[in-house]
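Student: Can we read this structure together? Please give me the general idea of each feature, then the case here.

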Amino acid sequence: AYSPLPLLLALFGAVYHFSRDERRALAVLALFLATGFGIVLYLNQTPMQPRPRDYSFVGNFFAVGLWVGLGAAGLLESLKTGLRSLRIQSPSVRAASGVALTVLLIAVPGQMLSENYADHDRSGRYAARDAAYNMLTSVAEDSILFTYGDNDTYPLWYLQNVEGVRPDVRVVNLSLLGTPWYAKQLKEPSLASAPVPMSLTDEQIERLRYRKWTPREVQIPVRKSALLSNQPALKKAITEQHPLETPMSWRLEGQSVRGTDNLLSPTNQVVYNILRTNAEQEWKRPIYFSVTTPASTHLNLEPYFQLEGFAHRVVPIRHDKPQGRVVPGLTDAAFADVRLTNLDDSDVHYGDTARGMVGTHYRLWPARAARGLAQHVRPERARRLLDRFTDGVPFTIIPADTSIRLQVAQAYRAAEAP
């Protein structure tokens, strides 16, 4: 439990500061008010934030920290003054001050260290790095991989730029794609990745705005021989029930905003241009959406999503599977090199963000893949895949809600596990 001593020390420090140096104390008080109450009023943050916003108040914490330090100094000074008024000798005063300082260090920063160390200790924690590795290794060579937020983008860029993992993959962040500078940047090579196929000129990118959109059928070209030459693994995906569409045609709805006309955002327009340009270039680059991207960014392409590890490949093969089509030999192969470092170690602390991502995606997508494998009469593969994740990510270490547990149980049942 937390102690009230830091707060009491800060309050005493503020009083001590004003009694000794009113002008500088007023400056610290101004910092405290402007970066505390002032920030609250200025930002007017809504209650439900995607993450804790305590970093918004770092200036406020800085001011309080100054007063905590001054409070400790004031207590020691008061102790010395009191002892000297009792005509106690200097060596005894120094000894008493040393003892008081030690007690203060143990009672305030020491207590806070002991209380907070365990849930701030990152040793042995590789969830972010492994999630990035698992996503990068899910996709084919020279792919374009659409991601969405911070947690599914920056770890991937770190692995590519620092550890040299899969530099051939171009990670495209959809949250940045609506900005002209980023869209234009994609037209340049990066690491081992060629420029992203895009027919938009720099001037056209600069002029992109939200545009009204009437829901309608759209098409992109597909030449079977060229597609299979550039993406030969897709030969496994073509069956009598699921033939290759030539051309690929689907209904693009756009986004309905508050009951008004449907719109296409600048991001949607760039994504569609990339898809079309790549198709016109004979599907040279495999294109994927990470499983972390929201449906609003998918351009209604879900009937053409093929699940491969932790990404959906856009393939001109229509299906009716809501979470992506499972293809034995492709879907499960993308999970083969998965890393789950220390996710079964109870001594490693995982915060809410890590627990949320790991607890959801490391259960949901293997379960979906396992059900698909079972439907294709591959029960042994399905059970091996499920066992890999349930053993590597135990529910006792990384919990999950009832819906996730149910999906895992249903997958085991489909795989006829005992």
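Student: Is leucine 8 buried, partly exposed or exposed?

Tutor: Buried means under 20% relative accessible area, exposed over 50%, partly exposed in between (1.4 Å probe, protein chains only). Leucine 8 has 47%, so leucine 8 is partly exposed. Leucine 8 lies in helix H1, residues 5-20. Helices (H or I, at least four residues) and strands (E, at least two) are DSSP runs, numbered from the N terminus.

Student: What should I know about the model and its numbering?

Tutor: The model is predicted: local features need pLDDT of at least 70, side-chain atom pairs count only at pLDDT 80 or more, and totals for chains, interfaces and linings use all residues. Residues are numbered from 1 along each chain as its sequence is written, and side-chain values use heavy atoms, without hydrogens and water.

Student: What is the strand order of the open sheet?

Tutor: Strands of a sheet pair through backbone hydrogen bonds, either parallel or antiparallel. Here two strands pair if DSSP finds at least two bridges between them. The 5 strands run S2-S1-S8-S10-S9, with mixed pairing. Strand S2 (170-173) and strand S9 (305-308) are the edges, each pairing on one side only.

Student: In which sense do S1 and S2 pair?

Tutor: Parallel, over 4 bridges. Leucine 145 stands opposite valine 171 in S2. S9 and strand S10 (residues 311-314) pair in the antiparallel sense, also over 4 bridges. Leucine 307 has histidine 312 in S10 as its bridge partner.

Student: Which way do the side chains of S2 point?

Tutor: In a regular strand the side chains alternate between the two faces of the sheet. In S2, Arg170 and Val172 point one way, Val171 and Asn173 the other. All are buried.
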